[in-house]
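Reader: Please take a close look at the strands and the loops beside them. Keep it brisk.

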Amino acid sequence: MEKLRVHRCGGGAVAWSPSPIVALATSPCASQVAAAREDGSLELWLVSPGSVGWHHQLTIQGNPESRVTSLVWGRRGVGGAGGRLLSSSVDGSVAEWDLFHLQQKTVLESVGVPIWQMAMEPSDDSINSQINGSGSAINGHAGHNDSSDSDLSNVDDGDSSDDEEGSAKTSSSYHVNEFQRLALACDDGSVRLYNVPESGALTYYRALPRVSGRILSVAWSSNAKFIFSGSSDGLIRCWDSTSFREKYRITAGLGGAGTGPELCISSLLFLRCGTLVSGDSTGSVQFWDSLHGTLLQAHSNHKGDVNALATVPSHNRVFSAGSDGQVILYKASKGEFGARRDTDKEQVGKWVYVGYVRVHTHDVRALTMAVPICREDALPEEKAVKIRRREKHEFSYHKWAHLGVPMLISGGDDTKLFAYSAKEFTQFAPHNFCPAPQRPSINLARDSTINGDSVMLVQSANWLDVLLVTVQNKLTPSTSSRGDATIRHLARLKSKASRKIISSAASANGSLLAYSDSVRPCLFALKHKSGKKYNLEKLELPKGLPCSLSILFSVDSSSLILAGRDGKIYIVDIATRQLSNVFHPTSKQDRTNVSSRESPVTKMFPSADGQWLAAVNCFGDIFVFNLEVQRQHWFIPRMNDGSVTSGGFCPKNNSLVITTSKNEVYVFDVEAKQLAEWSKRYTHHLPRSFQEFPGEVIGLSFPPQSSSSVVVYSTRAMCFIDFGLPVIEDVQLPNGSAGPAEKTDSQKSAKSKQKRKAHEELKQERRNNFDFFAFKDPVLFVGHLLDSSILIVEKRWMDVVEGFGAPVHRHIYGT
């Protein structure tokens, strides 16, 4: 293999403005995390062994005009296997996020005032699991999770609280309604209660008496007998959930850093030992006796508002996050837990400040608790393909993320997501599993050249930029960090009414552009006007086309292919602007019956000769279509329970290459409907360096003249794979092995020499296969040019941060 020629391009002309995280919620099994952003979108993240980072499973574009304020995820059995994911907004409505059909649906019309927070009534199964030390609770001003974690019976956070006897006293089941109830903290001073059925709209239950000030936070007791509300007048109120009368009220400012009408109770958290935790606008985190409403302890370590609270499954550690960027840990003293067995005290009296971690550059808005799992959840009644394989090495990153061990997740105004060790919070650095949030989509029209330069399409939130990439010296690869490729702006296409752009594509010759917003797709032609000026001419598309989650052009630019939100794939003839065919992806053998609807396609990959089209949904199912005969050719269920992260066809032999969330590479012989020989031999014996690929794989790029090689890349690194070369598994380094103690020094020395020699030989043999190249700055795109050189588009994260607003609280040294 000849040396790779790489051309670097700074992302100065690439608009990248990610949106802040405003709320987080964890699934009932605690293996998925939903993150709501300020622009109305929702992301679903999943962690599974075999990958170093978190897998970004899907994104749903919601209503950008309705800003999300809180998320809750109902228990299993409500709304399907995964429960119902609900969000509140400042317009007073409640929406449900359909994770199968990728839609946001309103389930409660506006109540007339903003809803600042929601809290789901604890269920019977969550109460039982909490007694067994397995339930987790999260509550914050922006992010709140229902503590109904019925699937966490085997979760262990490393600490034994020894409080099962006491928790049983405060967690006896008590329900007066057949439906689980949802409490809404409303801006008009009331707490409204709604029934949450298994499906459909929420139904009104009743409202608690209105109080002065705004209700900013709400929480249930673990036995659902009491509701706690925090308001903008500095008061915490305890309500009886059956008589709906106020039991007592607490003046929170007396134990904190100050008092006054401006003190706001922004977050509440109830622990199963009976302790109520509050966070307020003075930076105070206070622990209260929920039985009598008396103060147990107060900490004032935050320098700004406390925005969120969270606790581990054993409820003996509490985390707080605020506008100062800090995430702080408080731990209950073991003496207090042990003392409770011999006394009648229902509360833990002493909570110790342990320390803080500050990795966010801006305000932290939300916290939640998650647990890595051994496999991704299957769809209902799904029969996934099981593949025999040797057991992989133990999943870990930063030496602390392990199966079944809880981890804390934080998100905020700096748009990033971090994972922390809940057990060893201050001992290990947090893991940044979202290094390039809302990375702009980039399409390179490789076959198009304007005076030898390539056309590139960059998708931003509300517009498309048509850029021209110029390589200064095509024969010499870039050696400097600045790069030798420059970008010139040709045209900008703004979406109608500033609607959010969901998907976009450019034709291979660069003459056609298409995008879809939340309403419909649009088609444009790029026309040369005069000199260096270009304009865009709109072309009419057939009426009735739905919003498209993925768009691409056929290789000869004669057809536009749209993956609709309704689960269908539409083929539009460019010349006649008419609909030429509609595909109904199906997993059933009998493809004549297409009544059942599949999950929408989110990724599509065409073959270089235009014969094949691979369509992938967010769960990892692959549908292969033959465009020559215009019908579905093959269905491939998700491989080894992993979602598809990227894919593509080899240009010369039409082999389909797929990468999954478990950092596995599959090669398919599409014509024969089977795995290629390379995959049969090597897919489950890849080098450990690839299994621990830095960052999630986001794309593939194939050399135009090669039939056996591909470049796999993430935002942090890229890897060259040659399918024509053998795969050599990693060997144990000499210093990593230990022989029997009775061996002589000469025997150990000879064995070490042999191992070193074998290691060097293997290293020499595989020097051209699975070679890694690390990136200094986040990479947005990697693609081959016509001359087989590689173009890398990167952008410094600090340039992105400069576009954010200033943090609310920033320490100025010397003051």
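Author: Strands here are DSSP runs of E, at least two residues long, numbered from the N terminus. The model is predicted.

Start with the loop between β39 (548-553) and β40 (559-564), where S557 is found. Phi of S557 is near 60°. That is a positive value, and S557 is not a glycine. Is S557 buried or exposed? The relative accessible area of S557 is 9%. The cut-off for buried is under 20%, so S557 counts as buried.

Now the strands of one sheet. Strands of a sheet pair through backbone hydrogen bonds, in parallel or antiparallel fashion. Here 4 strands make an open sheet, ordered β2-β3-β4-β5, with antiparallel pairing. At the edges lie β2 (21-26) and β5 (55-61). Each of these two pairs on one side only. On average, neighbouring strands of the sheet are turned by 20° against each other, with direction ignored.

One pairing can be followed down to residues. Strand β4 covers residues 41-46. It is joined to β5 by 6 bridges, and the two run antiparallel. Opposite L46 stands H55, a residue of β5.

How values were computed
Residues are numbered from 1 along each chain as its sequence is written. This is a predicted model: local features need pLDDT of at least 70, side-chain atom pairs count only at pLDDT 80 or more; totals for chains, interfaces and linings use all residues. Side-chain values use heavy atoms; hydrogens and water are left out. Buried means under 20% relative accessible area, exposed over 50%, partly exposed in between (1.4 Å probe, protein chains only). Two strands pair if DSSP finds at least two bridges between them. Axes are lines fitted to C-alpha atoms, for helices over the stretch in contact, and angles run from 0 to 180 degrees between N-to-C directions.
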